[in-house]
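Good morning, and thank you for making the time.

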Amino acid sequence: MSYEMKVERRAGYHYFYVTGTDDFATSLAYAREVFEHCRREKVDRILIDEDLEGDLTIQEKIDLSKHLSEDQMRTFVKKIAFVDRREEQWQGNAFLETLARNRGILARLFRDTAGAETWLLSDED
């Protein structure tokens, strides 16, 4: 598990930039760190900008979505915009978006931060 995360407080949301090496433990750890920050700071809209080497298996993505919904983060985070800088991970993350939405988490995957920010600050689901 190896990652670095930078946080910026922006107008209407908080921005998280995550770099490092991806595996299940890393994804779960940084996601829990993000959501603990949101709970503590009372932030309900977040943009996660991920640039991690490697990828999770389909089963790990399913397990991750289960863990995150069990953490009840949907009770305090209303919208999650997610940008993955690695094109080769796009399809797997689109699946993770579907899993999150099926578990009641309003999340959306984007290819760039500009589109993510526009959606995040809008009333659009």
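A residue is called buried under 20% relative accessible area, exposed over 50% and partly exposed in between, with a 1.4 Å probe and protein chains only. By that criterion Lys42 is exposed, with a relative accessible area of 74%. Lys42 sits in the loop between α1 and β3, where helices (H or I, at least four residues) and strands (E, at least two) are DSSP runs numbered from the N terminus. Although Lys42 is not a glycine, its phi is positive, at about 60°.

A word on provenance. This is a predicted model, in which local features need pLDDT of at least 70 and side-chain atom pairs count only at pLDDT 80 or more, while totals for chains, interfaces and linings use all residues. Residues are numbered from 1 along each chain as its sequence is written, and side-chain values use heavy atoms, with hydrogens and water left out.

Now the overall fold. The protein chain has four helices and five strands, arranged along the sequence as β-β-α-β-α-β-α-β-α. Its radius of gyration, taken over C-alpha atoms, is 13 Å, close to the 14 Å from the globule rule (2.2 Å times the number of residues to the power 0.38) for 125 residues, so the chain is as compact as a globular protein of that length. Of those 125 residues, 42% count as buried. With contact meaning heavy atoms within 4.5 Å, residues 24 or more positions apart account for 75% of the contacts with a separation of 6 or more.

Asp55, in the loop between β3 and α2, is partly exposed, with a relative accessible area of 35%. Outside its sequence neighbours up to four places away, Asp55 touches Asp22, Lys61 and Gln89. Leu47, by comparison, belongs to strand β3 and is buried, at a relative accessible area of 0%. Beyond four places in sequence, the residues that Leu47 touches include Tyr13, Phe16, Ala81, Val83 and Leu120.

Let me turn to the nonpolar cores, each a set of buried Ala, Val, Leu, Ile, Met, Phe, Trp, Tyr and Cys residues joined through side-chain atoms within 4.5 Å. The largest has 27 residues, of which Val34, Phe35, Cys38, Ile46, Ile48 and Ile80 touch the most other members. The greatest contribution to this core comes from α1, with six residues. Apart from it lies another core, of 10 residues, including Tyr15, Val83, Phe110 and Trp119.

How many cavities of 30 Å³ or more does a search of the whole structure find? There is one. On a 1 Å grid over the protein atoms alone, a cavity is a set of points where a 1.4 Å probe fits but cannot get out, and lining residues have an atom within 4 Å of a point. Points are joined across faces, edges and corners, and the volume is the space filled by probe spheres set on them. The largest cavity has a volume of about 350 Å³. Of its 25 lining residues, Ile48, Leu64, Leu68, Phe82 and Leu96 are the closest to the centre. The lining comprises 15 nonpolar, four polar and six charged residues, where Ala, Val, Leu, Ile, Met, Phe, Trp, Tyr, Cys and Pro count as nonpolar, Asp, Glu, Lys and Arg as charged, and the others, Gly among them, as polar.

Technical notes. On a 1 Å grid over the protein atoms alone, a cavity is a set of points where a 1.4 Å probe fits but cannot get out, and a pocket is an open set with protein on both sides within 12 Å along at least five of seven lines; lining residues have an atom within 4 Å of a point.
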